[in-house]
Amino acid sequence: METHAAAGAPQRPRVFSGMQPTSVLHLGNYLGALKHWVAGQHERDNVFCVVDLHVLTIPEAVDPAELRARSRSVAALYLAAGIDPERSTVFVQSHVPEHAEASWLFNCVAPLGWLQRMTQFKAKTHGRESIGSGLLTYPALMAADILLHDTDEVPVGEDQMQHVELTRDLAVRFHHLFGEVFVLPRAVIPTAGARIMGFDDPEAKMSKSTAEERPGHAVFLLDTPDAVRKTIMSAVTDSGRELRFEHASAGVRNLLTVWQSLDGRPMPEIEAEIAGRGYGDLKKRVVEVVVDALEPIQSRYHALMDDQAELDALLARGAERARETASRTLARMQAAVGVGA
Ligand code: TYM
């Protein structure tokens, strides 16, 4: 099955993506993924998931009540950022049990060496005393997420590229062992914003786990204007005055990238606007652009969170819709391997 359209479904490409509800989403999550989900949703058939089961791969960090609350909160952020629940299916991974069930089948076809080679596995286990086996088999669950929904495109930031490629490899391996079942997906990485760096360390990717330890690292989507100002005004740059993207240091490039990704104009126009000024002016301008972008998201978010019953009903409808495709694909998998009723 080459594409979702070839599977007999509507002609629009099927999109699937997800985010872990480990904390409030940050600017990297927004610019690397969420903003592009919103922009592309009208031409596509979309499924967006809050991947709560993936959070359990580091069980020491889990507070059960908080995890449940954060799953809702991340779903509300998807909607607040502009995901339209009439056009896009939004659901929580654990509400569709087919994901966990299919992940077992992928665990069984995933060669150990493929899982051990994953950059994220190496990074997340580095220096950790106790490593749960879920951290190793994490990509098998991610493959289940993507492949159960007959996905053509997976819009993600650059750090998830390797996982999407592994998903495709697992699908091909499954086909080789048991016959054709899946649509083969491809990662879609944005040209700008695919890798937003930490404001306190422009050599390291902005990440939720680092942000928890270091206050100046990230801007979160629910930060107040003051918090945004504090983080961006203290962003690491250098001692020069170079504001042309090609020649600038990593910290300045990161600030220009954030500005351009939110503003949408080409980089030369951004450079022309800031030409002849200093890094202080650049930072002030980036603060304005970020605060202006976050303000409407935050007001929609608070309105959605004020009506928990409506949000829960929306997630229940999303899970029901997601289950239709997921259960059909799981049935095809089970038939192929010889299990199931
Ligand atoms: P997660 O939750 O770490 O990140 C969610 C999305 O945000 C992107 N991202 C970034 N983009 C640019 N710059 C950054 N600094 C940055 N940090 C994060 C990520 O690339 C991602 O697109 N394994 C996934 C979740 C997942 C998933 C899936 C994704 C589970 N199943 C199926 C797609 C399809 C993850 O941990 O993303």
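Colleague: Which residues of helix α8 are buried?

Modeller: In this predicted model, the buried residues of α8 are His-163, Val-164, Leu-166, Thr-167, Leu-170, Ala-171, Phe-174 and His-175. To be called buried, a residue must have under 20% relative accessible area.

Colleague: How do you know that the span of α8 agrees with its number of residues?

Modeller: Helix α8 covers residues 161-178, which is 18 residues. At 1.5 Å a residue, the helix should span 26 Å, and its end C-alpha atoms are 26 Å apart, so the two values agree.

Colleague: Where does Asp-150 lie, and why does Asp-150 count as buried?

Modeller: Asp-150 is in the loop between α7 (133-148) and β4 (153-155). Its relative accessibility is 8%. The cut-off for buried is under 20%, so Asp-150 counts as buried.

Colleague: Why does Ser-261 count as buried?

Modeller: Ser-261 belongs to helix α11, residues 250-263. Its relative accessibility is 10%, and therefore Ser-261 counts as buried. Leaving aside neighbours within four places in sequence, Ser-261 has contacts with Leu-31, Lys-35, Ala-192 and Gly-193.

Colleague: What makes Thr-257 count as buried?

Modeller: The value for Thr-257 is 14% relative accessibility. With neighbours within four places in sequence left aside, Thr-257 is in contact with Gly-193, Ile-196, Phe-245 and Met-267. Gly-193 is also one of the contacts of Ser-261.

Colleague: Why does Glu-273 count as partly exposed?

Modeller: Glu-273 has 31% relative accessibility, so Glu-273 counts as partly exposed. The residue lies in helix α12, residues 267-274. Not counting residues up to four places away in sequence, Glu-273 touches Trp-259, Arg-265 and Arg-285.

Colleague: How far apart are Glu-273 and Ser-261 in sequence and in space?

Modeller: They are 12 residues apart in sequence and 15 Å apart in space, C-alpha to C-alpha.

Colleague: What makes Ile-189 partly exposed?

Modeller: Its relative accessible area is 28%, so Ile-189 is partly exposed. Ile-189 sits in the loop between β5 (186-188) and α9 (208-213). Apart from neighbours within four places in sequence, the contacts of Ile-189 are Val-156, Gly-157, Glu-158, Met-161 and Ala-194. Ile-189 and Met-118 are 71 residues apart in sequence, with 18 Å between their C-alpha atoms.

Colleague: Now the whole protein. How many helices and strands does the protein have?

Modeller: There are 14 helices and 5 strands.

Colleague: What percentage of the 341 residues is buried?

Modeller: Buried residues make up 50% of them.

Colleague: Among contacts between residues at least 6 apart in sequence, what percentage joins residues at least 24 apart?

Modeller: Of those contacts, 76% join residues at least 24 apart.

Conventions: Residues numbered from 1 in each chain as written. Predicted model: local features only at pLDDT ≥ 70, side-chain atom pairs only at ≥ 80, totals over all residues. Heavy atoms only, no water. Helix = DSSP H or I, 4+ residues; strand = E, 2+ residues; numbered from the N terminus. Buried < 20%, exposed > 50% of the residue type's maximum accessible area, 1.4 Å probe, protein only. Contact = heavy atoms within 4.5 Å. Expected span 1.5 Å × (residues − 1).
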